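Me: I have a chain to go through with you. Can we start with the aromatic rings?

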Amino acid sequence: MTSSYCGEEKAMSVMEWPHHLLSLEDWIDLPETPEYQVEVVEGVLVVAPRPMPFHQSALTRLSYLINEQLPDRYWALSEVEMVVAEAPLTVRVPDVIVGPTAVVETNPARLQAADARLVVEVLSEGTRRTDQVTKFSEYAEAGIEYYWIVDLARPASVIAYRLVEEDYESLGEQSGVAELDFDGDVLTIDLDALTTRRAQRP
């Protein structure tokens, strides 16, 4: 089976996928495919190669930096399933998602978009247009208040958005050490540190 979504995400013939629009139950029953990144958009599977190690290292560090500064009522997670809509089904796997600690502590199999206060996507070669266009619209429609898009191309940068009257309004682009508003707090992110190794101890 081959399909595409907004010209960026491509499904491949990795196994026999269902030949119908998926429900949440169908999604839950799908076998794991650790070699691919799998999401579902309006009931249709979209499959892409796993991000490169450089990307994975950056988002792991980013999640840690965000978590270190969040108030206790929030928790940042990386690569957790998020149900954007149930009918037709759309499930995304954001690079970083911030939700209420009370929800995260229940250890749900996936989060609901209604529980997401902030979503962060780190651009990669295969997801650039999807993150900047498709998910931009999906997350706004789902009512996610904060959306950050991180670009690791040097100099690393981030564009922060906040939902205003159902549309995202840019809070500006920053590079270097970014100071980003989240729910009344300022989170400081050293963007250059996302793409460099920490200094070796003597």
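Reply: The structure holds 9 aromatic pairs, counting rings of Phe, Tyr and Trp (its six-membered ring) with centres within 6.5 Å; planes under 30 degrees apart are stacked, over 60 edge-to-face and the rest tilted. This is a predicted model, where local features need pLDDT of at least 70, side-chain atom pairs count only at pLDDT 80 or more, and totals for chains, interfaces and linings use all residues. Residues are numbered from 1 along each chain as its sequence is written, and side-chain values use heavy atoms, leaving out hydrogens and water.

Me: How do Tyr-74 and Phe-182 pair?

Reply: They pair edge-to-face, 5.1 Å centre to centre with 70° between the planes. Tyr-74 is in strand S5 and Phe-182 in strand S14, 108 residues apart (strands are DSSP runs of E, at least two residues, and helices runs of H or I, at least four, numbered from the N terminus).

Me: Is Phe-182 buried or exposed?

Reply: Buried, with a relative accessible area of 0%; buried means under 20%, exposed over 50%, partly exposed in between, using a 1.4 Å probe and protein chains only.

Me: What about Tyr-147 and Tyr-168?

Reply: Their ring centres are 5.8 Å apart and the planes at 40°, so that pair is tilted. Both residues are buried. Ring pairs also link them with Phe-136, Tyr-139 and Tyr-161 in a cluster.

Me: Switching to Asp-131, where does it lie?

Reply: Asp-131 lies in helix H4, residues 128–142. Asp-131 is buried at 1% relative accessible area. Beyond four places in sequence, its contacts (heavy atoms within 4.5 Å) include Phe-136 and Tyr-147.
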